[in-house]
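Work through the exercises below on aromatic rings and their surroundings. Each task is followed by a solution in steps.

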Amino acid sequence: MKKVCLGLFAAGFALISDSHAVAQDKIRVGLSSVSALHGAMWVAEQKGLFRKHGIETEIIVTGQGATAGIGALLAGGDSLVNAALRGGETVMIAAGVNKGLNRIMVRSDVKTPADLKGRKIGATRIGAVSHSVLLMMLKRWNMSPTDVQVLQLGSSPNMLQALDKGGIDGAVMTIPFVFIAEDRGFRVLVDLAETDIYYLHTMIASTRSYIKANRDNALRFLKWFLEGIAYFKHNKKESLEIVRKKLRVNAEQERNLERSYDLLATKYYEGTPYPSLRGVETVLGLVEKDNPKAKSVDPKSFIDDSLLREIDESGFIKKLYER
């Protein structure tokens with residue numbers, strides 16, 4: 001049985017594939033959280049876009065944050081970079097989202113970053129994207145990680161519940177739950193997308209050896225993913241219906257789901273999702289304290305965009321957006 005070491009990292013994708021299917025390669029995609037962020041992936045699966053590329057998929061929500069999941073390649077952007085710095089051969093081949101979708105939501109009495117000192121802040125897991133975002137912002141505010149108490153709560157819904165009950169004073173959340181939090185009276189202390197910080201929020205990654213030995217398989221997977229993005233952007237009604245079912249959104253949350261879709265379709269999902277070098281630089285800045293090698297390494301060494309470039313130069317992506 002052939003093992004495929006492709007992975008979609010950070011906010012929540014991880015992928016392992018094997019070819020036990022007769023005519024198609026079986027790919028299991030692990031999502032680390034339930035979020036509208038994964039809309040393009042769900043759309044690609046539900047609309048059967050993978051079949052034309054000879055792929056059979058199974059999407060699994062692990063619910064363990066980006067630092068846990070399925071297989072050897074499951075980690076967030078910082079974990080992937082750390083692995084490569086230690087001599088691993090993991091490499092990013094495409095981006096999901098190059099800008100952080102997270103917002104730090106706080107109680108109404110928290111007016112400034114300084115007001116967070118001594119407070120309890122929710123994150124999904126230590127080392128997950130939400131935690132990394134918090135560390136980035138604390139550093140920017142000239143604050144220490146020890147200035148706050150981080151509580152690992154597993155998901156945005158759990159953080160929202162903790163905010164409601166007063167168990168935490170702030171939380172690093174993503175869409176659509178940031179909108180729900182706003183509707184309940186909590187305020188945005190910082191929106192990462194409104195800063196000049198680029199972060200590897202989601203990415204597709206693999207190993208150099210796998211790409212070398214199974215380039216065609218990797219190309220077919222990327223084409224499937226790119227078609228999912230294009231369909232999501234072009235078909236709002238159908239895409240919303242698929243995401244609505246996955247998130248089990250009720251009637252009162254319809255507006256927030258639509259707000260999430262609009263952000264993803266117009267601002268975050270890139271038609272040609274090359275990994276951001278600035279995003280790699282951000283991650284290197286986060287890990288250099290624990291790994292001095294990060295200070296001198298070339299950010300380009302973590303990226304192999306040859307697969308995406310081949311697809312791009314073939315005209316495949318351009319055709320997806322011809323109307």
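This is a predicted model: local features need pLDDT of at least 70, side-chain atom pairs count only at pLDDT 80 or more; totals for chains, interfaces and linings use all residues.

**Exercise 1.** Classify the pair of Phe-232 and Tyr-261, and state which helices hold the two residues.

Solution. A pair of aromatic rings is described by the distance of the centres and the angle of the planes. A search of the whole structure gives three aromatic pairs. For Phe-232 and Tyr-261 the ring centres are 4.7 Å apart and the planes are at 40°, so this pair is tilted. Phe-232 belongs to helix H7 (residues 215-234) and Tyr-261 to helix H9 (residues 254-268), so the pair ties together parts 29 residues apart in sequence.

**Exercise 2.** Classify the pair of Phe-232 and Tyr-269, and locate both residues.

Solution. The centres of these two rings are 5.1 Å apart; the planes are at 70°, so the pair is edge-to-face. Phe-232 is in helix H7, whereas Tyr-269 is in the loop between H9 and helix H10 (277-287). The pair links distant parts of the chain, 37 residues apart. Phe-232, Tyr-261 and Tyr-269 form one aromatic cluster.

**Exercise 3.** Over which rings do the charged ends of Lys-99 and Lys-223 sit?

Solution. The charged end of Lys-99 is over the ring of Tyr-198, 4.6 Å from the ring centre. For Lys-223, the ring is that of Phe-316, with the charged end 5.4 Å from its centre.

Key
Residues are numbered from 1 along each chain as its sequence is written. Side-chain values use heavy atoms; hydrogens and water are left out. Rings of Phe, Tyr and Trp (its six-membered ring) pair if their centres lie within 6.5 Å; planes under 30 degrees apart count as stacked, over 60 as edge-to-face and the rest as tilted. Helices (H or I, at least four residues) and strands (E, at least two) are DSSP runs, numbered from the N terminus. A charge sits over a ring if NZ of Lys or CZ of Arg is within 6 Å of the ring centre and within 35 degrees of the ring normal.
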